[in-house]
Amino acid sequence: IYTLSLHDALPIYYRVIAGAYCTWYLIQYIEGNRVDPDNPYPIRGVDVSSYQGDIDWKTVENQDMKFAFIKATEGSSHVDEKFEMNWKNIRKTDMRAGAYHFMSYDSPAKSQAENFISHVDKTDDMLPPVVDVEFYGKYIPDGRHPPKHKLRGILSAILDRLEKEYGIKPIIYTTLDNRSEERRVGKECRS
């Protein structure tokens, strides 16, 4: 299982995925295990959703971004309104693309995985699918988290189904805040 960290490091609307583990994994995946110890973060990328509006992908590419994770789905039925356009337009650049699903604690895992699969076609050059795991709404970090077995059950079932469909282990995408909170409430996200 791979864990990603998010950092607000780019100008307006873009979040650079710059966590050490995320970068290590992407370097391994894209560059075939060649890591330069003098430049351990040579590959930078962004995550985007409809909240960023219309994206000029050539401008993003010109900011030396090598990849993007694009929000595709959320829960069992929501599809990001900009996903199709972003998925199509990033292909006009040399950037690598991957899609992500925002996991819901209130929807069955099977229907969440099927929502993602029905909107994200498997392509030879896509990055691994991603599941974004965050505490939200009634699950914000104030002690009202979903039970560990519920979190593990939903997440594991989604990951298993995506791996079966796409033939590669999915990435778990979360924030450092969630990882700190995870440790506090008993390592909920670990399998």
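Start by selecting D64, which is partly exposed because its relative accessible area is 38%; partly exposed sits between buried (under 20% relative accessible area) and exposed (over 50%), using a 1.4 Å probe and protein chains only. You'll find D64 in the loop between helix 2 (57-62) and strand 4. Check its backbone too: phi of D64 is near 65 degrees, a positive value in a residue other than glycine. For background, most residues other than glycine have a negative phi.

A quick word on what you're looking at: this is a predicted model, where local features need pLDDT of at least 70, side-chain atom pairs count only at pLDDT 80 or more, and totals for chains, interfaces and linings use all residues. Residues are numbered from 1 along each chain as its sequence is written, and side-chain values use heavy atoms, with hydrogens and water left out.

Now zoom out and colour by secondary structure. How many helices and strands does the chain have? There are six helices and eight strands, where helices (H or I, at least four residues) and strands (E, at least two) are DSSP runs numbered from the N terminus. Follow the chain from the N terminus and the elements go β-β-α-β-α-β-β-α-β-α-β-α-β-α. Of the 191 residues, 48% count as buried.

Next stop: strand 3 (residues 45-48). Show its side chains: G45 and D47 point one way, V46 and V48 the other way, and all are buried. In a regular strand the side chains alternate between the two faces of the sheet.

Time for helix 5 (residues 148-166). Its 19 residues reach 27 Å from the first C-alpha to the last, close to the 27 Å expected at 1.5 Å a residue (the expected span is 1.5 Å times one less than the number of residues). Select L151, I154, L155, I158, L159, L162 and Y166, which are buried. Now look down the axis: the buried residues of helix 5 fall within an arc of 120 degrees, so they line one face of the helix. That arc is taken from the directions from the helix axis to the C-beta atoms. What is on the face turned away from the buried side? There you'll see the exposed residues H149, D160 and K164. Covering the buried residues are, among others, helix 4 (109-119), strand 7 (130-132) and strand 8 (171-173). Just after helix 5, click on G167, with its positive phi of about 75 degrees.

Last, show the aromatic rings. The structure holds seven aromatic pairs; rings of Phe, Tyr and Trp (its six-membered ring) pair if their centres lie within 6.5 Å, and planes under 30 degrees apart count as stacked, over 60 as edge-to-face and the rest as tilted. Pick F67 and F69: their ring centres are 5.7 Å apart and their planes at 70 degrees, so the pair is edge-to-face. Both F67 and F69 are buried. Then try Y100 and Y173, with centres 5.5 Å apart and planes at 70 degrees, so this pair is edge-to-face. The pair links distant parts of the chain, with Y100 in strand 6 (residues 96-102) and Y173 in strand 8, 73 residues apart. To finish, select F102, Y105, F135 and Y136, which form one aromatic cluster.

How values were computed
Contact means heavy atoms within 4.5 Å.
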